[in-house]
Protein chains: 2
Amino acid sequence: MTQRDTKDRILDAAEELFASDGYVGTSLRGITTAADVNLAAVNYHFGSKEGLLAALFERRLVPLNKVRLENIETVLREAEQKAVRPSAGEVMKAFLIPTLEFKRNAPGARHFARMIWRAFLGGDRGMQESFLTRVAPVMQRLLDGLSLALPGIPREVLAWRLRFAMGAAGQVMVHDPEQPALMTGLRLSEEVMQKELLEFVIGGLEAPHED
Amino acid sequence: MTQRDTKDRILDAAEELFASDGYVGTSLRGITTAADVNLAAVNYHFGSKEGLLAALFERRLVPLNKVRLENIETVLREAEQKAVRPSAGEVMKAFLIPTLEFKRNAPGARHFARMIWRAFLGGDRGMQESFLTRVAPVMQRLLDGLSLALPGIPREVLAWRLRFAMGAAGQVMVHDPEQPALMTGLRLSEEVMQKELLEFVIGGLEAPHED
DNA sequence: TGTTAATTCAAACGATTGTTTAAAACTTTT
DNA sequence: AAAAGTTTTAAACAATCGTTTGAATTAACA
């Protein structure tokens, strides 16, 4: 089973390099050297550099999105059964908690998390497209949930608040404890940091709205 | 005065291309073609591609930072004179309003704004460094102001909340109305969008904090 | 074990990258 | 108007990019 070995080694090296140097900033030679495989292996196993990127998305994002969507649906279903409104915090946690866990747990996933959020936050062009088409359905349901939770706030406004929340969350996702800090005084543990993110995001989502 | 003409044409073309394709994703040939100047002009006038980037920062970021810092100092000084605490909203507005205005007003500055926030949000490596060293002093004073405004919240937590706020603000800054939207239902005018950002950010900064 | 298929390998492909060169064209100064 | 300085130009530089090739090697099946 050298094949699966080679493919996985390439995927692992690629997501680490894509995360730190970006898609265009990473060369196939850099990847194959890090993975200790032949240069041609990428084109043999994945067809092209773009094919490699697609395989990375398939490996991690698809299962993650499945969990996130299920979580959101569960919150919405339970609220409906009890005939109460879900809270903005519940809805947002249904999305954010698996997302944050995903980054914290799997060691390789951490790099993928950085890569994916760089794409979202406005990074490489090619990445952004592959990424957006895959998360769009999750975002839709998330927005549905927030609409239910905060009926006093127009949907367009909520769409923007959701995007703001994503921007804030991205700061945790792209944060690398090993890298020099963006600001001094950012020395919180990952867990505390994530609790703080939830506080901030919920505070922002539920902020009073005037027309 | 063909010289100044050439330099400015290069700067204008560069900030537009850097904004949409990133630093590594943009070639000098693309820039010089768009600027309608000879390829060698970049190296002649700016020394190198990196020198061009530095010149871009110098042209826009330095004066912007000056305004932002003055605004923050004014808020802090006035609060001190009145012997009251500044509000988190006041402090944050002192930074955000010139920032958002900067994007909205100058037509070329819009591209620079996108470029700069892409750098902050985790884009190109070289950009991030040039950028961070220049905004660090502004961030420090901003954090000082927030510490005054919200004495009940530890400084490390505030540092993270500030970073979250920057992540949220980045979503407005990188937003391009001409580009396909990240989510459906994001069809607000720039002004409304900016008002919403302030609501969200202040709500997040002032969110209740538990240890 | 012999045959076929899948994988790895070194080498090269053309295209594009940032940068340099030296002559030509243009300005400014004397 | 001649000289000196500045800017523009076309051409080429070596380096690197993603991709392809065909032979060498390994694995799977008969």
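Predicted model: local features only at pLDDT ≥ 70, side-chain atom pairs only at ≥ 80, totals over all residues.
Start with helix 8 of chain B: 17 of its 19 residues are buried (under 20% relative accessible area; exposed is over 50%, partly exposed in between; 1.4 Å probe, protein chains only), so the rest of the structure largely encloses this helix. Helices here are DSSP runs (H or I, at least four residues), numbered from the N terminus.

Residues are numbered from 1 along each chain as written, chains are lettered from A and ligands numbered from 1 in written order, and side-chain values use heavy atoms, without hydrogens and water.

Next, select Arg155(B) and Asp144(B). They form a salt bridge at 2.8 Å, N to O (a side-chain nitrogen of Lys or Arg within 4 Å of a carboxyl oxygen of Asp or Glu). The pair links helix 8 to helix 7 (residues 125-149) of chain B. Arg155(B) is partly exposed at 35%; Asp144(B) is too, at 22%.

Move to helix 9 (residues 190-205) of chain B. Glu199(B) and Lys195(B) sit four residues apart there, about one helical turn. Their salt bridge is 3.7 Å, N to O. Glu199(B) is buried at 13%; Lys195(B) is partly exposed at 35%.

Finish in chain A. Select Asp8(A) and Arg59(A), a salt bridge at 3.8 Å. Asp8(A) is in helix 1 and Arg59(A) in helix 4, 51 residues apart.

Methods: Helix = DSSP H or I, 4+ residues; strand = E, 2+ residues; numbered from the N terminus.
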